Amino acid sequence: MKTQTRHFEIVARCPETKARVGRLKTGHGVIDTPVFAPVGTQGSVKTLLSQDLEKLQIQLILGNTYHLYLRPGVNVIQKAGGLHKFMSWEGAILTDSGGYQVFSMEQLRRISDEGVEFRSHIDGSLHFLSPEKATEIQLALGSDILMCFDECPPFPCDEERAKKALETTHQWAKRCQAAFLKGEKENRLLYGITQGSIYPALRRESTLQLLELDFPGYALGGLSLGEPHAATLDMVALSTELLPEEKPRYLMGVGTPEDLWEAVEMGIDQFDCVLPTRNGRNGQLFTSVGKLNLKNAPFREDFRPPDPGCDCDLCSRYSRAYLHHLFRAGELSALRLASLHNVAFLIKLMRKIRLSIKDGTFLKEKKKFFESYRSQGE
């Protein structure tokens, strides 16, 4: 049976798990879920071009409100016609609120009920970001999916600290929603973000509070910050039990191949992470047989394709030995080729996951993946 709202439709389910395939409608096209979105922090997925993303048939990327606000500035992007035109990208864009970036700069910011005063990491200039301003910036950028401004507590933190962040996040979510409703919101979606660290009672409280505000989608924030892996999965399982079936669920900052399989199994629809490009720039590839650290000596005379099962621009043309050489020689092309492959790998992995759900073979394909995926070349 299909489940849908105006903007999100579930078209297939795994009969043995909570995994599902959906279609998320945005102002810049329909997104097939579960989906992995590469992170384009400053209006660019690092080392890649918009035409690369198009070739890989990517449907959703991320932009970073904090970084784009500071550089080049909202006015510049507005004059260009919005972030899509500025970066020549016709697909959908999700922008985070800037909350995580601001709260990660503990020495450079001061929190109040009104918002956050912070100093730019670029030049030390003083700025203030409120829920209203964060929402207005995202609207001005032309985002298809906006995120509420939230307070992301560090890990570890005690329960009292997590409780305070939860309360602030709830109040700010109300203000973001009010600002969103006042703006130019046609074909835009504003997601709420749950907090609560790894405290089950707080995570439950945050989720139930946000459900009362009836957002079109919900994100799980405050995870993948160094907490034990089992704790992350526990919070995901708890959250998907509470979140409505008919709305998309977004697990922020998660993007290892293993985590994608596990979270999809629990009913998550959206992911983003910097890992494919960050790891790629550091010489690590995701491949069908596991992670390969191409900078390591064993690859010096390994003339096989980096991943024999991949047809990306790296694997279809170059060898492991050549990529090893490029990294050792400090060639910039190494960063681009490795990043391109990793992004392509995750996009194709999500395509395989969606197909397995539709075919009723999700658990079989997951088992097969975990049997072949292991670290090599450490």
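**View 1. The chain has 14 helices and 17 strands.** Both come from DSSP runs numbered from the N terminus: helices are H or I with at least four residues, strands are E with at least two. The radius of gyration, taken over C-alpha atoms, is 20 Å, close to the 21 Å that the globule rule gives for 378 residues, so the chain is as compact as a globular protein of that length. That rule is 2.2 Å times the number of residues to the power 0.38. You're looking at a predicted model: local features need pLDDT of at least 70 and side-chain atom pairs need 80 or more, while totals for chains, interfaces and linings use all residues. Residues are numbered from 1 along each chain as its sequence is written, and side-chain values use heavy atoms, leaving out hydrogens and water.

**View 2. Here's what is tucked away in the chain.** Buried residues (under 20% relative accessible area, with a 1.4 Å probe and protein chains only) make up 58% of the 378 residues. Of the contacts (heavy atoms within 4.5 Å) with a separation of 6 or more, 67% join residues 24 or more positions apart.

View 3. C148 is in no disulfide, meaning a pair of cysteine sulfur atoms within 2.5 Å. Its nearest cysteine sulfur, in C176, is 4.4 Å away. C148 is buried, at 1% relative accessible area.

**View 4. Now look at C312 and C310.** Their sulfurs are 3.6 Å apart, too far for a bond. C312 is buried too, with 6% relative accessibility. Searching the whole structure turns up 0 disulfides.

Note on methods:
Buried means under 20% relative accessible area, exposed over 50%, partly exposed in between (1.4 Å probe, protein chains only).
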